[in-house]
Amino acid sequence: MAQRIGILTGGGDCPGLNAVIRAVTKSLIHQCGAEVVGIEDGFAGLTEGRTRPLGWRDVSGILAMGGTILGTSNRANPLADAASLAATLGHVRELGLDGLVAIGGDGTMSIAHGLAAHGLKVVGVPKTIDNDIMGCERSFGFDTAVATVTEALERVQTTGQSHGRVMIVETMGRYAGWIALEAGIAGAADVILLPEVDHEVEAVAAVCRARERAQRHSVICIAEGAKARGEGLTVHERIADSPDPLRLGGVAHVLRAQLQPHLRSEVRATVLGHVQRGGSPTPYDRVLATQFGNQAAQLVLAGRWGRMVTLHDGRLDSVGLETVAGRNRCVPLDHPLLTCARQIGVSLGEPA
Ligand code: F6P
């Protein structure tokens, strides 16, 4: 009998989700005539039994679309209490699901791992613009976010040049600086500030002063999780019922206020926010997402449950969900891009 496989997208949206949904569905239908069931709004749909069939035609034409046709949620948690867990496992039984493909970030992988302990057969696909999932060197969505931030850095540069200003651009990324690091280099930022390297405000001001004399303007790319030495994270909001309640944001404005008294030029801050998660995936992300989706289907067909698709040394692979759950992958302090940035004269906000 044909397998019946559910698929859901959890956590924040991300360019390439639809490309994964398409690849999983087409691969399962093409290879074994599986019945694919789309679960709406992430784990919320599984707890509440909200689903729809996903056929070949439902997933045709969605490869380049941003967002997720299934909807998502970063609050739903079927493990939150006994009633939610019972409802979720009950719906899995009623739907006759032989397995589930869960596409999401570390929160989704932690829930998937928790549900696996209750007998759910699950395969994970790593998703995040932050590129911070343990065991996966590149997640889809990251390349698109880097392209968006790079363009923003280039655009603010013209205002910086014209007005002789210091332009600060804040990226997303939570506790990892991957987006700021790669986009900062691609967008020719003069200063790149990351969560992994605490910065000195005076060191940043010194770079801007030197540039005031030479080139009139500076561009600073700061990750939302960056902080000055001795200071805490800049928290925008606390969302009590979210598995990860802290929402970061606003550190660019904090830095602007700290820098302004030390500089003659005007300092301006731009927080890019959700534009980094929106829109159509780049060709790289479309290819990666398609490969991840197909790889997830291969794990399903091989009955290799409890695993997450990964990219390791440039090759598709998989790791056990238990090695991913509850962990983040930050920029290592010996990463070659940090060395490269320093060697070409980009400041990381460290004392000279
Ligand atoms: O994890 C992706 C991400 O966009 C982070 O970079 C950011 O901190 C967070 O999600 C924002 O979440 P929300 O959309 O819930 O505000």
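Which strands does helix 6 lie across? In this predicted model, helix 6, made of residues 178-186, lies across strand 6, strand 7 and strand 8 (218-223). Its direction is at about 170 degrees to that of strand 7. Helix 7 (residues 201-214) also packs on the sheet, where it touches strand 6, strand 7 and strand 8. Helix 7 makes an angle of about 155 degrees with the direction of strand 8.

Let's turn to the sheet itself. Strands of a sheet pair through backbone hydrogen bonds, in either a parallel or an antiparallel way. Here the sheet is open, with 4 strands in the order 7-8-6-11 and parallel pairing. Strand 7 (191-193) and strand 11 (267-271) each have a single partner strand because they stand at the edges, so one side of each has no neighbour in the sheet. On average, neighbouring strands of this sheet are turned by 15 degrees against each other, direction ignored.

You can follow one of these pairings residue by residue.

Which residues of helix 9 are buried? Among them are Asp-285, Leu-288, Phe-292, Gln-295, Leu-299 and Val-300, and Gly-293 is buried too. After helix 9 comes Gly-303, which has a positive phi near 70 degrees.

Terms used
Residues are numbered from 1 along each chain as its sequence is written. This is a predicted model: local features need pLDDT of at least 70, side-chain atom pairs count only at pLDDT 80 or more; totals for chains, interfaces and linings use all residues. Side-chain values use heavy atoms; hydrogens and water are left out. Two strands pair if DSSP finds at least two bridges between them. Helices (H or I, at least four residues) and strands (E, at least two) are DSSP runs, numbered from the N terminus. Axes are lines fitted to C-alpha atoms, for helices over the stretch in contact, and angles run from 0 to 180 degrees between N-to-C directions. Contact means heavy atoms within 4.5 Å. Buried means under 20% relative accessible area, exposed over 50%, partly exposed in between (1.4 Å probe, protein chains only).
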